[in-house]
Amino acid sequence: MAGIGMTSARTRDRLVQRLREQGITSAVVLDRIRNVPRHVFVDEALASRAYEDTALPIGYSQTISQPYIVARMTEALLEGGPLKKVLEVGTGCGYQTAVLAPLVGKIYSVERIEGLYKRAKARLKELDVGNVLLKHGDGIAGWKSQAPFDGIIVAAAPLAVPEALLKQLAKGGRLVVPVGAEGGQQLLRYVRRDQQIERQVLGSVSFVPLLSGLGR
Ligand code: SAH
């Protein structure tokens, strides 16, 4: 990978430093942010902005998530013990998938837009990310045949948490999901305990909406 200009080690270090200042403490997560080449997930014209802490367009009216959000969600998902099986809803360009993959056993990732699903599949293959199974589908239904999951991460915001996702969460499992209408979303973390499900509010966020059905 080229180590010059706007995608250089120094540019990436600056991003990592910024995330640290914003409260990301997990060394493994910061390490992934440093090492995953975010510029290969965006259009070449945007590559020079890939290590800014900002969401960027990836086509189909969707965006690659902001690095801070990817780090925050990954950290929240990992907290509480190792994860063997993780469900990701909203593969998008596959950046979050690539960040998370070496930190868990296996990721099952669902994307509703066929073009993004195909592109993410090609990128992740190029980067040799092997422990990922991608599917073109509606993640609101989860992935029943692979359930239960130790971790579920949702990259788009529903108005209310889909029932299927809570159902497919294993005992001790964590679900990290943004919930609410545009302009008023909160990032939530659910943990399945013996008898009940615990809910924590992690903070205000801004995500694209979780949509039902398939897209092209
Ligand atoms: N973490 C991704 C974020 C992409 S944006 C990245 O870094 O690229 C959120 C994605 O969720 C979009 O690609 C959108 O198409 C997808 N999405 C929205 N609703 C969905 C649903 N019901 N099932 C699967 N994917 C969905």
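Trainee: In this predicted model, which side chain of opposite charge is nearest to Arg-32, and how far away is it?
Mentor: Arg-32 belongs to helix H2, which spans residues 27-35, and although Arg-32 is buried, it has no salt bridge. A salt bridge requires the side-chain nitrogen to be within 4 Å of a carboxyl oxygen. The nearest side chain of opposite charge lies beyond that cut-off, being that of Asp-31, at 6.4 Å.

Trainee: Which residues does Arg-32 touch, leaving aside those up to four places away in sequence?
Mentor: Arg-32 is buried, and its contacts can be listed once residues up to four places away in sequence are set aside. Those contacts are Ala-98, Val-99, Pro-102 and Leu-103.

Trainee: How many residues apart in sequence are the parts that the pair Asp-53 and Arg-18 ties together?
Mentor: The side chains of Asp-53 and Arg-18 form a salt bridge with an N to O distance of 3.6 Å. Asp-53 is in the loop between H2 and strand E1, whereas Arg-18 is in helix H1, so the parts tied together are separated in sequence by 35 residues.

Trainee: How much of the ligand's own accessible area of 570 Å² does the protein cover?
Mentor: The ligand is surrounded by 26 residues, with Cys-93, Glu-111, Asp-138, Gly-139 and Leu-211 the closest. A nitrogen atom of the ligand lies 2.6 Å from a polar backbone atom of Leu-211, while a backbone N or O atom of Gly-139 is 2.8 Å from a ligand nitrogen atom. Of the 570 Å² of accessible area that the ligand has on its own, the protein covers 99%.

Terms used: Residues are numbered from 1 along each chain as its sequence is written. This is a predicted model: local features need pLDDT of at least 70, side-chain atom pairs count only at pLDDT 80 or more; totals for chains, interfaces and linings use all residues. Side-chain values use heavy atoms; hydrogens and water are left out. Helices (H or I, at least four residues) and strands (E, at least two) are DSSP runs, numbered from the N terminus. Buried means under 20% relative accessible area, exposed over 50%, partly exposed in between (1.4 Å probe, protein chains only). Lys and Arg count as positive and Asp and Glu as negative; His and the chain ends are not counted. Contact means heavy atoms within 4.5 Å. A residue is near a molecule or strand if one of its heavy atoms lies within 4 Å of it. A polar contact is a pair of N or O atoms within 3.5 Å; within protein, one must be able to donate a hydrogen and the other to accept it, and residues adjacent in sequence count only if both atoms are side-chain atoms. Accessible areas come from the Shrake-Rupley method with a 1.4 Å probe; for residues, only the protein chains shown count as cover.
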